[in-house]
Amino acid sequence: VFTAAPGAAVTAPQFPIMAGAGASGRDKRATAAQLKTALGSESGAAAASELRALLELVLAPAAGPGGGGGEAAAEALEWCRCLLSGGEAWDSFVQAVRAYDPATLCGLVWTANFVAYRCRTCGISPCMSLCAECFHQGEHAGHDYNMFRSQAGGACDCGDSNVMREAGFCKRHRIKSNSNVPCVPKDLLMMSELVLPQFIFSLIQHLREGYNEPALDLPSEKDLHKILQVLEPHVSFLEDLTKMGGAMRSVLTQVLTSQQFYKDLSSGVGENACAKKSHEKYLIALKGSGLAFPEDKLACGMQEQGAGTSTLAVQGFILSLDNKILSVGKRKRVKLSSTTKDQSIMDVLKHKCFLEELLFWTIKYEFPQKMVTFLLNMLPDQDYKIAFTKTFVQHYAFIMKTLKKSHESDTMSNRIVHISVQLFSNEELARQVTEECQLLDIMVTVLLYMMESCLIKSELQDEENSLHVVVNCGEALLKNNTYWPLVSDFINILSHQSVAKKFLEDHGLLVTWMNFVSFFQGMNLNKRELNEHVEFESQTYYAAFAAELEACAQPMWGLLSHCKVRETQEYTRNVVRYCLEALQDWFDAINFVDEPAPNQVTFHLPLHRYFAMFLSKAVKCQELDLDTILPDQEMLMKLMIHPLQIQASLSEIHSNMWVRNGLQIKGQAMTYVQSHFCNSMIDPDIYLLQVCASRLDPDYFISSVFERFKVVDLLTMASQHQNTVLDSEHERSMLEGALTFLVLLLSLRLHLGMTDDEILRAEMVAQLCMNDRTHSSLLDLISLENMNLYAGIIPGSLSFESVLSAVADFKAPVFEPGGSMQQGMYTPKAEVWDKEFDPVMVILRTVYRRDVQSAMDRYTAFLKQSGKFPGNPWPPYKKRTPLHPSYKGLIKLLHCKTLHIVLFTLLYKILMDHQNLSEHVLCMVLYLIELGLENSPEQESDEEESAGGQERCHDSWFPGSNLVSNMRHFINYVRVRVPETAPEVKREPPASTSSDGLASSQNSGTAQVFSLVAERRKKFQEIINRNTSEANQVVRPKTSMKWSAPGATPQLTTAILEVKESILSLLIKLHHKLSGKQNSYYPPWLDDVDVLVHPEIPRYSHGDGMTAVERILLKAAVQSRLNKRIIEEICRKVTPPVPPKKISSAEKKTLDKEERRQKARERQQKLLAEFASRQKSFMETAMDVESPDADIAMEVATSEQHVSEAIYDCVICGQSGPSTEDRPTGLVVLLQASSVLGQCRNSTEPKKLPTTEEEQIYPWDTCAALHDVRLTTLQRYFKDSSCLQAVSIGWEGGVYVQTCGHTLHIDCHKSYMESLRNDQVLQGFSVDKGEFTCPLCRQFANSVLPCYPGNDVERSLWQSHSNKCMQDLVQEVEDLQEQLGTFPVSISSETNLSKEMESVMKDIKSTTQKKYTDYSKSPGSPDNDFLFMYSVARTNLELELVHRGGNLCSGGASTAGKRSCLNQLFHVLAMHMRLYSIDSAYNPWRKLTQPMQDKNSELVSEELPEVPVLYRDVSSLLLIQILTMPQPLHKEHFTCIIKVLFTLLYTQALAALSVKCSAEDRMAWKESGALKKNTSSGEKSWEVLLGHVISELSKGKIYEEGETEEITVVLVNPDSVECYLQQFCLPFLRITSLLQHHLFGGDLPSCQEDEEFTVLASCLGLLPSFQSAHQFTSASCLDWPVPAFDMISQWCSELASFADRNPDQVKALLIQEPKWDLPRLLQLPENYNTIFQYYHRKTCTVCTKVPKDPAVCLVCGTFVCLKGLCCKQQSYCECVLHSQNCGAGTGIFLLINASVIIIIRGHRFCLWGSVYLDAHGEEDRDLRRGKPLYICKERYKVLEQQWVSHTFDHINKRWGPHYNGL
Ligand SMILES: [Zn+2]
Ligand SMILES: [Zn+2]
Ligand SMILES: [Zn+2]
Ligand SMILES: [Zn+2]
Ligand SMILES: [Zn+2]
Ligand SMILES: [Zn+2]
Ligand SMILES: [Zn+2]
Ligand SMILES: [Zn+2]
């Protein structure tokens, strides 16, 4: 009896309610129905309290965890269902509610690994995703979409127009507003409204009860899991409710968000003791999480409405920091706290409704999957979505805290993002919560707070006194990327314009954000190890690079995407302003003056990069005047230092100056320029340097560069110098580095004027020039991410395609001879090499130095091939995009005296062959000169600038700054500082009495000692002073130790050096030097004035150093008449016309000698090349197993050879000789079990891989199945031993023997194996299993087949034709079979050869599984071996036939002829077959050749009879006969056997025909046959014979059984009968012909398909002479040894007597299936998606689960769980197991989730590749890109070919053991 709650019972009518647990289902329903009725009536209030009481009872926490457990929970849920439905059946209630679902949104929620789609064309948010069903129902043809496997889970956005365009909605969710969903009737959901509040509250109560604040820091995870497990049915129930559609969801929303319900039930106010207790637990949990209930805070006196930050909050902040940091980071801290807007974000939480507390617990329990799914399933309800989003934001700080503590932060991260991405991808919603809930403040504060927990003191610059703090990259937070979900949310909301605008307008936020970014500024500092190798290579750099990219750069790109128009100028100003402030703070904090600390580098300067990228956008898109946002000169000087330091360090790292820091430093250098990072790292750095260079004094900048690169001391004209800062071994590469950097700096235009399309094109050309690329690798390398993704959906991928097709040609995927497959590749067009190849871009984008070389090699090859330049070219000079006017200042660098002095000095030193100068240096010097000529200052005239102003030290070098005029300026004497030992010192300065008019007219002074360092210092001082005086500030102390001269350079003395050169004269002399000829340079305009007008001649665009010099001189002449004249003069002077020299005889001699040597060298080279190509072609043909005309240079003794004795080469010892009994030689063979034949089917239509539930493949029409059935049937009715001789086996698990054709001594092989074993090298094969590779051709093998000693003279004797009559031959054959034991090769006298033959037989037998050799009813019977041996011969013959295409029409030698080992195999088999003697009484030969007397009497009734000869397989009989005969066989005996067997076969055909035709036909034939019976040729007429067969068979009950339906062969005319008979006999003729071919040699004749029968018959000697087809009948081949009719009668009588006993089987056994189609793999659909959609969610029939790694067998279509433990049987995983059952050890599986095929071969496996390619001819392994894949028929053909030809082992290279674990 139900006990009502107090107060309720008074007026309540008594319902027959039994106490909770006991009620039966019917009782519950009745109770519920009554309650519902009562609630609807006047007594509603009473009923309501009754209901409440009932619910309290059934949902009591006691029933939860620890209580009744699962049973109680089930009971409670049962009650809830009954109550909700008001007593109705649950299912019909669900249906009724569903009818009111407006269904405008899909909202399907999925978890990790679900397959979803993303359409960039339809998406508004980049996070948009669709479920497969919605995607396929929508129209996305031609869109830019891809499939992806969800990492974190997600939900379908179909129907949500905030996230995607409506055009992409599927049919179901397209109909929107016109929803005719009727109003929900009130009483349908009335019960739900009443029950659910209590249900949800009970859930919360369980959660409260279950949570115990852990005593230690470790939450007792087990407890949590236990609670969750108990609650699972409850949450699932809620989830089920959400799936009932909109109506139910809106009820749930009401319940979840109602403050009233929450207050009533859970606040702990009220008399319910239980509720009170649970509320207390809740409060404890809240406190335990470091959260305060707002009321408590107030009690403590927190004035929340106080101004900004209260003192307490600041304290709280500071206290939360590590004490150490506190002392150093004070300044920072104070600043930080003042910007932290609201401390309450971090630690105040108050719950007002169920939803809020539910989320709280969800977080506390670390996002249990079920709960997440439920919460997300509710999202289609708009009110809920808003409420939930706000709740989520409210808990954001708490989420972060929980995440940081979590032990499974990865899982938790995924779950968080799973939720948040649904909420924040929606712009409208994001904007709303930004405005109403301070979303941005919360996010930024939480991020800042999170990073604060792992700060350390920065050691950059000033190790002791730095006030800067940075994140510690070794901390778990960074190493594990724990911050990822928060950063990803932040990036997500910044992608919404309205939100981003809020951020950019809010100065407070910007300040906080810059503070956040500065935590990463200078992190992961590297210090160069100078003495010892670093002990431990820290890998923290991964974390550092990832953090800068994700936490700094990505939000930056997000913000930048909203600063693209003029109207947004203000935003940029804001960012730049706070960025500069942060930078200034940073410089102050690290105590930076003007020089970077030596031997330090950090790759992380996010503040610099923010500044740079906002500047770039400002100029490029917002038309901002750059100078209005640039800081002063001093700041610019500071800004350039650290990026420049990185560039110098890159060069140091490449010069191996950082080797002691380990490999990781190279890793950093590479990552810095790598494709995913370059846009956010090196590009902004270079740009920032360009900006600085364009605004700073050029002399200062240039000197700084050389100083940073430590090569200042090298830049002297003296022949010797001392470098105090650099070892001389590094000087050369550092100088190269410095010059290369200058070239990069001065020629890159990425941010200085190029359009997006130009950039894309340049990037693409650079990547393609390095290497041919696949489409996907190009996409990957050219990180469009930053350019496009954040700019919203743009023509991005579209313009990618169009640019790609403009610059590259597609090379379709091709096959290499070895069978390895290539992908579709893109290669640069010829015009691109000609015009667009830009070595500078290549250098910028190379991670590996070898890529530059690769690009140059490809360029060289192009020039050679196109005939443009034959030699070794230099990098071409490429004209640059014009500079954007804002950056014109950059050109000053090219026109400054400092640079010109450097160039002059270097040219001079190169000419003088000074040390440490390379071609690369010259190349870069020339490049810089050319850049200068191409970028002359606009105001430049030919006249000199006035050299006014104060005297500067290098004014003595050059008068002006314009390169064009400085080029011709002659330097006569230079004052240099040299060591006293230098040669210059001794020389007296020559008096300037030079008669050289030209030189003296220019300049006769002496250039001063040139010191870059002094120059830089002077400039710096100037700038600082100017700034300080301008700004009227106190002069700051700028002195530091580094100001003094670097060490006291000892014993330097000043010397005067005579130079007398100008840049022009140096260039001309260099030309002579490069050409090796005296007067090689001749001004081209003297011959052709036109060149001055059109200097862009193609002749100058490609070439070597001389070409470059010529081009420069021409450009110099074009720009200035004076230059032109001076060039002419220099040429005239330097190169006086030299009369052609006569060659003296001595010279001639050396010349001849040289010439001879040259010729010899050439000859030698040619020989080598020839040898190499021969070797290559050998390798190719040797690999190309299938090539029919492969003529391999190997001596295999085949039967065709007519040498007296076969001679074999041993590939191990190299000796040649015959194979002997004592020392046998053997063929290298691979034995493998094969079921290929068994897979043949009796249908011409190849089977398709099923892709729907309806399609199925059944195995019962395969060759293997039918043969199996036949044998089993025979065994049922006939004597076992005779059954085992009546068929062949090996259709499944037969042993195929193949050889590479190489031979070796068997004893040599044994020692070879021994050496392999001792080697113990993992070679991918197992020596223990006898596996090895052929020592010559490296082909895989596992046994050696001994060669039978024989000589062919003997054989040709055997072959000679005789005219013995048939009867004699038959007798001879019989006699030979009788005298088995006396054959020459005696088994008893064991020889080495016979031992080997025995051993290989063992190998053959053990190759296949026991079940494929044991068919006898009595296991282990010798009959098994007998059957197995001749079946091996059969298998190999049948397989050869398959390889020939199923017939012998093509004729010729065996396809693999030269490499066939059938002949040797027959010898081995025959030797073993002869060990068995067939009881002569049972020898079929007699049954075939002589009438038996009274055989019926032999039949003892109990014993089963022998198989009637008409049921015997004639091909098997043939093999038995041949292999039991003494070897070698006489050809005449062979022919005799065939003739006899043909008579049997023909009779079988007639018998089969007779049962196939109708009764009337049978009668007709019987009669017509009888009429002609007595004609002379009766025995050779099918009509007569058929008539006889019919009449004989009629004696039994054979025809009596009713006509079977399948026998409908219409055989109306004689032609079709003839055709039937021929088809019946052909398989036998083919096998026989092949056998004859192998045993006796001779080519097979080729023929038309319709003459195959006649041709083969005459080839076999069945036909005396070839007859033309039309008069030919197959019966004319018959040659009866005894009267035909007697024979036939005898055979038929066997059947008749069998029919008496078993009339039902007679016919079935007669009809055989002669026509097998060739073995095929299953046909695959065109589109991979068809396969994927069906199989990736298909359940395995064994374990009934959806496998994690599904795979499908391409031979039979079986679906298996790859690697699944679920389907493991005795340590074999399902895939391996199937490979054994389906392919006898060979399996071909398509891995569904990877689109890749794997091959299993025995104990090894390999990844074969994919037969599905995308539109660009590429594989998509693991479906990473998710683009549509289409079948590549050629590849599938190759796969099939390899399967059928058993060549997987030979062609695929990368095999590994699978340990049965696949
Ligand atoms: Zn959907
Ligand atoms: Zn949809
Ligand atoms: Zn679309
Ligand atoms: Zn040998
Ligand atoms: Zn070989
Ligand atoms: Zn299979
Ligand atoms: Zn399975
Ligand atoms: Zn399984």
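Colleague: What spacing do the donors of the zinc ion (ligand 3) follow along the chain?

Modeller: The donors follow C-x2-C-x17-H-x2-H, and they are Cys119 (SG), Cys122 (SG), His140 (ND1) and His143 (ND1), at 2.0 to 2.2 Å, where a donor is an N, O or S atom within 2.8 Å of the metal (3.2 Å for Na, K and Ca) and water is not among the atoms. Cys119 lies in strand 2 and His143 in the loop between helix 5 and strand 4, so the pair ties together parts 24 residues apart in sequence. This is a predicted model, in which local features need pLDDT of at least 70 and side-chain atom pairs count only at pLDDT 80 or more. Residues are numbered from 1 along each chain as its sequence is written, and side-chain values use heavy atoms, without hydrogens and water.

Colleague: Why is the site of the zinc ion (ligand 3) called tetrahedral?

Modeller: Four donors count as tetrahedral if all angles lie between 85 and 135 degrees, and the angles here are 102 to 115°.

Colleague: What makes Cys119 buried and His143 partly exposed?

Modeller: Buried means under 20% relative accessible area, exposed over 50%, and partly exposed in between (1.4 Å probe, protein chains only); Cys119 has 1%, whereas His143 has 25%.

Definitions and conventions: Chains lettered and ligands numbered in written order. Tetrahedral: all angles 85-135°; square planar, octahedral: opposite > 155°, others 65-115°. Helix = DSSP H or I, 4+ residues; strand = E, 2+ residues; numbered from the N terminus.
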